[in-house]
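Dear colleague,

Please find the structure below for your records. My notes on a sheet and on a pair of helices follow it.

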Amino acid sequence: MTVEISVPSVGESITEVTIETWLVAVGDTVQADQPIAEVSSDKADLELPAPVSGTITEILVADGDDVQVGQVIGRMEAGDVQVASSTPLVEAPPKVEEPKPTTPPPAVPVPQTELPAPTPAAQAALATEAPRVMPSAERVLYESGLPVSAATGSGPGGRVLKEDAMKAVAAAKPSPAAVPAVASADPSMGRATERQKMSRMRRTIASRLVEAQQTAALLTTFNEVDMTAVMGLRKSHQEAFTARHGVKLGFMSFFVKAAVEALRVYPAVNAQIDGKEIVYHDYADIGIAVGGGKGLVVPVLKNAERMGFAEIEKRIRDFGARARSGDLALDELQGGTFTITNGGIYGSMLSTPIINAPQSGILGMHNIVKRAVVVGDEIVARPMMYLALTYDHRIVDGREAVSFLVRLKECLEEPSRLLIEA
């Protein structure tokens, strides 16, 4: 029976995806739910499973093609199969019975350095233990002249992904200092350009940032916060917190808790425009911008107002790890009523972040630097951080935006306010 392979729904509002790489070819046998293609959506990379067990009979689109959700991209003939792997296992060669000679041949001494050939069982074990290399990663390594062993797998089960291969290629390139200078009168020598197709995620990020700037009235307001109290709390409670919860107490949990409190007081920053209506939320779904393997992603802390410090830190650490391996689920990247981005981890002193539409506000954190500030009548050195709030002026007034940052500053400079709701 012929079965059509079509693109399934991959999430709310997503109508188009990109077939990054086919993992099978016509004639390959697969089992039901075996990955047969790598698919890139607006929010994450996925693996397309086989709908049934059988043999691939037709592939209708090529690697890199954009396809619609529901579109038929291939066909297969259903049927029971024994082996279901796009990468065949190493099989031992069939054992051939050699005729016994009537006269035994003279013994040939074996050099001590020669090792016996692996047994079929050993070959099968090696094939089973070797990490799986995705075809796209294998192609990158092959084109760069690197062995598979040059890449370290970061995917599930040690799987070598395309990003791993690209990192290995980048690491193998000689630094400019290592390249000998070549004397030449031609100034064009040594210059090169390279064109790469933008990934679907990067195209989506680009279009949404442009859309946000074109449709929203964006304005950014700034303040600064003295991090002395937060840093003191972290230092005094870090050991006990880590021992009890198995995760370190970071700055982000303080900012999430402070943001939740400020959003409670100024709900317009947590609202959004829908046509001619303003939608207010009695919950805080906080998006945390993290760098993934293929770009920036914003997983969402759903109902952050119900979370304690430990749960926030655990969720953020988990988000970061799965963003790098590409294992975030689509529903974890959807929604969100407010976003926090921390450019400080890259050394940013100040920035004007762009909102994640249709949200109305985004908080930018920055690096902590000791600066001379006036406390009372004295000039002292304090660890200071600049804060930036970009907001949609169509829904948030300047007074509300400034007051939001002031409330956030108060909660961070006196963290006890977060406990007693003062």
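In which sense do strand β2 and β7 pair, and over how many bridges? Strand β2 (residues 16–22) pairs with β7 in the antiparallel sense, over 3 bridges; two strands pair if DSSP finds at least two bridges between them. Within β7, Val 67 is the bridge partner of Val 17. Helices (H or I, at least four residues) and strands (E, at least two) are DSSP runs numbered from the N terminus.

This is a predicted model, in which local features need pLDDT of at least 70, side-chain atom pairs count only at pLDDT 80 or more, and totals for chains, interfaces and linings use all residues. Residues are numbered from 1 along each chain as its sequence is written, and side-chain values use heavy atoms, with hydrogens and water left out.

The strands β5-β4-β2-β7, in that order, form an open sheet of 4 strands with antiparallel pairing. β5 (45–49) and β7 (66–68) are at the edges with a single partner strand each, so one side of each has no neighbour in the sheet.

Turning to the helices, the axes of α6 (residues 251–265) and α7 (residues 309–325) come within 9 Å and cross at roughly 120 degrees. Axes are lines fitted to C-alpha atoms, for helices over the stretch in contact, and angles run from 0 to 180 degrees between N-to-C directions. Phe 251 and Met 252 are among the α6 residues that meet α7, where the residues met include Phe 309 and Ile 312; contact means heavy atoms within 4.5 Å.

Yours sincerely
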